Amino acid sequence: RAQPAWRRPVRHHAVCARVRRDARLGTCAYASSSAPAARASGAGGGGYLAVEGDARLSGLVRVGGAKNAVLALLAGTLACSEPVTLTNVPDLRDVRSMIAVLESVGAKVTRPNDSPDDRAGGVDGTLRVDCSRITTSAFTIDTVSKLRASFFAAGPMLARTGRVEMPLPGGGAIG
């Protein structure tokens, strides 16, 4: 009997090939979001890798930092009068743009475990943000216009200084 499309093995996937070679690991199949499990869990887009069999899965997976969470945390440091250390910060353009937004009002952002050439978190993704000496409550248009999430900085700045001047944030088109 023919298997549904979502249960057919993916022949070009290296992990699937290893699973098929070693019978004790079980079988492996790729499923699109139309698979019953994906539909039941509300998963959209992409797909998932299903591994069947009696072999126990083990190992460690390092989960990278979430960009949108980091952007909000970086903006939130504006409300802090003492230095804040953030770890597991991904090295992404949006993170570097938010760092520029903070630096434009006088925050000092350092990477304690890395060379000064890197813009976002170093090997371990650590950033130290010191907003104790904010020099202005007016954000510059050249930094804010690059990142829609720069608007996150308005609230903490208003709470900290009682005033905020911010041009309309930029970023890519929504949708």
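In this predicted model, the cover over the buried residues of helix 4 includes helix 3, strand 4 (108-110), strand 5 (127-130) and helix 5 (141-144). The buried residues of helix 4 are Val-95, Ser-97, Met-98, Ile-99, Val-101 and Leu-102. Helix 4 itself (residues 93-104) comprises 12 residues, and its first and last C-alpha atoms lie 16 Å apart, close to the 16 Å expected at 1.5 Å a residue. Gly-106, which follows helix 4, has a positive phi, near 110°.

Helix 3 (residues 67-76) contains Leu-71. Leu-71 counts as buried because its relative accessibility is 2%, against a cut-off of under 20%. Beyond its neighbours within four places in sequence, Leu-71 is in contact with Asp-94, Val-95, Met-98, Leu-147, Ala-149 and Phe-152. Among these partners, Val-95 and Met-98 also belong to the buried set of helix 4. An α-helix has 3.6 residues a turn, so residues three or four places apart point the same way. Phe-152 lies 81 residues from Leu-71 along the chain, with a C-alpha separation of 7.9 Å.

At the level of the whole chain, 6 helices and 5 strands are present, arranged along the sequence in the pattern α-β-α-β-α-β-α-β-β-α-α. Of the 175 residues, 29% are buried. Among contacts with a separation of 6 or more, 57% involve residues 24 or more positions apart.

Terms used
Residues are numbered from 1 along each chain as its sequence is written. This is a predicted model: local features need pLDDT of at least 70, side-chain atom pairs count only at pLDDT 80 or more; totals for chains, interfaces and linings use all residues. Side-chain values use heavy atoms; hydrogens and water are left out. Helices (H or I, at least four residues) and strands (E, at least two) are DSSP runs, numbered from the N terminus. Buried means under 20% relative accessible area, exposed over 50%, partly exposed in between (1.4 Å probe, protein chains only). Contact means heavy atoms within 4.5 Å. The expected span of a helix is 1.5 Å times one less than its number of residues.
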